[in-house]
Amino acid sequence: MRVAMSPRRLLFTIGPALALLGVGLGLGEWSQRQAEAKDGLSIPWDEPALKYEFAPGGNQNSHGFNERELPLEKPAGTLRIAALGDSVTHGAFVPNTQSWPRQLENALNAQGMTVQALNFGVYGYDTESVAAQLRARVLAWKPDLVVYGFYVNDPMPTELVTTDGRPVWVGTGPRDFRVFGPALDSSLHGVSALFRRFEGAAAARAIEARDDRQPLDWERFGAWLDTLKATAAGAGVPLVVVLIPPHVLAQPDLAACNAAARMGPHFCEENVEVLARAAAMTDARGLSTVDGLAAYRAGGNVDLFGLPDDPHHPSAEGHRRLAAALAPVVSPMLAGQR
C-alpha cells in the first residue's frame with residue numbers, strides 16, 4: 001500500500017533543492033546584469049524604441065553621453081545643438097574633442113556665437129532609436145537645433161547588441177525565433193537579464209540562419225524620419241540632416257574606392273545609391289540636408305581612415321570636413337533662434 005507523503009515531509013524533501021535552484025538563478029541573474037553593464041550599456045525596458053543607451057560613467061559623462069560634464073540647465077545666452085546619430089557621430093576612434101559636433105561648435109564660436117554642440121551619438125543607433133532618443137532624452141536639454149547624422153546603415157533595424165561578448169536582443173520588429181512562447185518571452189524580456197542572455201543566443205542563431213543579408217527597410221526609415229521630424233517640430237526646434245557616407249567615398253574613382261574599402265566589388269556604388277535615396281526622402285519632407293559626400297570629397301587628401309581597414313569611421317579630418325559643411329547651414333538657423 002502506498003502512503004501519501006505529508007506536505008511537511010514533502011517540503012523537507014524538496015525544499016533544499018528548491019532553495020539551491022533559487023540561489024543559482026539569483027546568482028545567474030546577478031552575473032548577467034553585471035555582464036550587461038560591463039560594456040557601459042544600459043537597456044531601458046520602459047522605452048522599447050530607444051532599445052539601449054550608454055550608462056553614465058566609464059568613457060561617458062555622468063549623463064551617459066560622449067561629452068564634457070555639462071549641467072542640464074542651459075546657460076543664459078547660449079545656443080544648443082543636439083547632435084544625434086550612431087558611432088560615426090559619436091566619434092568612434094577619435095577623441096571626443098575631434099568629433100564633428102565639437103568641431104562644429106568650435107567653428108560657430110569662432111564666428112562670435114556662443115554655442116554648445118552636445119554629442120548624443122550612440123554606437124549602432126538606427127533611425128528608430130534616434131527618434132526615440134530625441135523624444136525621451138534629448139529635448140530635456142532644450143536644444144535650439146537638432147542635427148541628425150544619418151549613416152548609410154540607419155535604415156537597417158538594429159536587432160542585436162553585444163554585452164560582455166554575448167548577444168542581447170534589442171529588436172522591436174517581428175521575431176523569427178522563440179524561447180518559450182510570445183507572451184512569456186515578452187514578459188521575461190523586460191525583467192530578467194538571465195533570460196535576455198538565452199534570448200540573445202536564440203536571436204543570433206535565427207539571424208545567422210537567414211539566407212540573405214538583412215535588407216535596408218526604406219519604408220520603416222521613412223516612418224521614423226517622419227517621427228523625428230514631427231518630434232522636433234512639436235518642440236519648435238529646427239532639424240537638419242547630414243548624410244554621412246563611408247569615408248572611403250572621398251575617393252571619387254569608385255574602382256579605387258572599392259579597393260580601399262575591401263568590402264566587396266560594389267560596396268561604393270551601393271552606398272552612393274543609398275545616399276541618393278536618403279537625400280530624395282529628406283528632400284521630399286522639406287528637411288534641410290547637408291551633403292556629407294561632397295564634404296568628404298572637398299580637399300586634396302582622400303585618406304580619411306580613422307583606423308586601418310575601417311571604411312566607416314573617419315579620422316579627425318573627416319569630422320572636420322563634416323563640421324565645415326554644416327557650419328554655414330546651421331549658423332543662420334541658430335541666428336534665427338536667438
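A residue is called buried when its relative accessible area is under 20% and exposed when that area is over 50%, with partly exposed in between. The legends below describe a predicted model.

**Figure 1. Helix α7 and its buried residues.** Helix α7 spans residues 218–234, 17 residues in total. From its first C-alpha to its last, helix α7 reaches 24 Å, close to the 24 Å expected at 1.5 Å a residue. The buried residues of this helix are Trp 218, Arg 220, Phe 221, Gly 222, Leu 225, Leu 228, Thr 231 and Ala 232.

Figure 2. Just after the helix, Gly 236 adopts a positive phi of about 70°.

**Figure 3. The salt bridge between Asp 126 and Lys 51.** The structure as a whole contains 19 salt bridges. In one of them, the side chains of Asp 126 and Lys 51 meet at 2.7 Å, N to O. Asp 126 belongs to the loop between β4 (115–119) and α4, and Lys 51 to the loop between β1 (41–42) and β2 (53–54), so the pair ties together parts that are 75 residues apart in sequence. Asp 126 is buried, with a relative accessible area of 0%, and Lys 51 also counts as buried, at 3% relative accessibility. Both residues take part in a network of salt bridges that also includes Glu 128 and Arg 220. Arg 220 is itself among the buried residues of α7.

**Figure 4. The salt bridge between Asp 176 and Arg 210.** The side chains of Asp 176 and Arg 210 form a salt bridge of 3.0 Å, N to O. Asp 176 lies in the loop between β7 (166–169) and α5 (182–191), whereas Arg 210 lies in the loop between α6 (193–209) and α7; the pair thus links distant parts of the chain, 34 residues apart. Asp 176 is partly exposed, with a relative accessible area of 43%. Arg 210 is likewise partly exposed, at 25%.

Figure 5. Glu 317 and Arg 321 meet through their side chains in a salt bridge of 2.9 Å, N to O. Both belong to helix α11 (residues 316–335), where their spacing of 4 residues separates them by about one helical turn. An α-helix has 3.6 residues a turn, so residues three or four places apart point the same way. Glu 317 is partly exposed, with a relative accessible area of 28%, whereas Arg 321 is buried, with a value of 5%.

How values were computed. Residues are numbered from 1 along each chain as its sequence is written. This is a predicted model: local features need pLDDT of at least 70, side-chain atom pairs count only at pLDDT 80 or more; totals for chains, interfaces and linings use all residues. Side-chain values use heavy atoms; hydrogens and water are left out. Helices (H or I, at least four residues) and strands (E, at least two) are DSSP runs, numbered from the N terminus. The expected span of a helix is 1.5 Å times one less than its number of residues. Buried means under 20% relative accessible area, exposed over 50%, partly exposed in between (1.4 Å probe, protein chains only). A salt bridge is a side-chain nitrogen of Lys or Arg within 4 Å of a carboxyl oxygen of Asp or Glu.
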